[in-house]
Amino acid sequence: MVLERVKALAAEQFDVEEDALGADTAFEELGAEPEDVADFLLALDDEFDIDLSDIELDRIVTIGDAVAAVKEMLRQ
């Protein structure tokens with residue numbers, strides 16, 4: 001499932017427990033700066049073999065936003 005893979009990657013990238021993450025967890029809560037979120041999107045690109053470079057960073061605020069962006073790209 002996409003949510004679990006995104007959570008696992010976020011836990012690794014932001015050095016937090018995966019169980020502490022939910023779809024409504026904001027990257028700001030994890031201490032992420034915009035460049036950290038950009039790096040996370042690149043990691044998602046690799047994980048899912050997609051290209052999120054056209055996604056506007058200000059659109060990705062929460063784990064759920066990242067999941068939605070990944071799902072959107074997987075449908076294309």
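In the predicted model, a patch of negative charge on the surface is formed by Asp24, Glu28, Glu29, Glu33, Glu35 and Asp39. One of these residues, Glu29, is located in the loop that runs between helix H1 (2-14) and helix H2 (34-48). Glu29 is classed as exposed because its relative accessibility is 60%, above the cut-off of 50%.

Side chains of opposite charge can pair when their charged atoms come close. In the present model, 2 salt bridges were identified. One of them joins the side chains of Glu47 and Arg5, with an N to O distance of 3.2 Å.

Arg59 is situated in the loop between H2 and helix H3 (63-75), whereas Glu72 is part of helix H3, so the contact ties together parts of the chain that are 13 residues apart in sequence. With a relative accessibility of 40%, Arg59 counts as partly exposed; Glu72, at 29%, also counts as partly exposed.

In the pair of Phe14 and Phe27, the ring centres are 5.7 Å apart and the planes meet at 50 degrees, so the arrangement is tilted. Phe14 lies in helix H1 and Phe27 in the loop between H1 and H2, so this pair ties together parts that are 13 residues apart in sequence. Both Phe14 and Phe27 are buried. The rings of Phe14 and Phe40 have centres 5.6 Å apart and planes at 50 degrees, and the pair is therefore also tilted. Here, distant parts of the chain are linked, with Phe14 in helix H1 and Phe40 in helix H2, 26 residues apart. Phe40 is buried, as is Phe14.

The C-alpha atom of Ala38 is separated by 17 Å from that of Lys71, a residue 33 positions away along the chain.

Definitions and conventions
Residues are numbered from 1 along each chain as its sequence is written. This is a predicted model: local features need pLDDT of at least 70, side-chain atom pairs count only at pLDDT 80 or more; totals for chains, interfaces and linings use all residues. Side-chain values use heavy atoms; hydrogens and water are left out. Patches are made of residues with over 30% relative accessible area and no salt bridge: like charges are joined within 9 Å, nonpolar side chains (Val, Leu, Ile, Met, Phe, Trp, Tyr) within 5 Å. Accessible areas come from the Shrake-Rupley method with a 1.4 Å probe; for residues, only the protein chains shown count as cover. A salt bridge is a side-chain nitrogen of Lys or Arg within 4 Å of a carboxyl oxygen of Asp or Glu. Lys and Arg count as positive and Asp and Glu as negative; His and the chain ends are not counted. The place of a charge is taken as NZ of Lys, CZ of Arg, CG of Asp or CD of Glu. Helices (H or I, at least four residues) and strands (E, at least two) are DSSP runs, numbered from the N terminus. Buried means under 20% relative accessible area, exposed over 50%, partly exposed in between (1.4 Å probe, protein chains only). Rings of Phe, Tyr and Trp (its six-membered ring) pair if their centres lie within 6.5 Å; planes under 30 degrees apart count as stacked, over 60 as edge-to-face and the rest as tilted.
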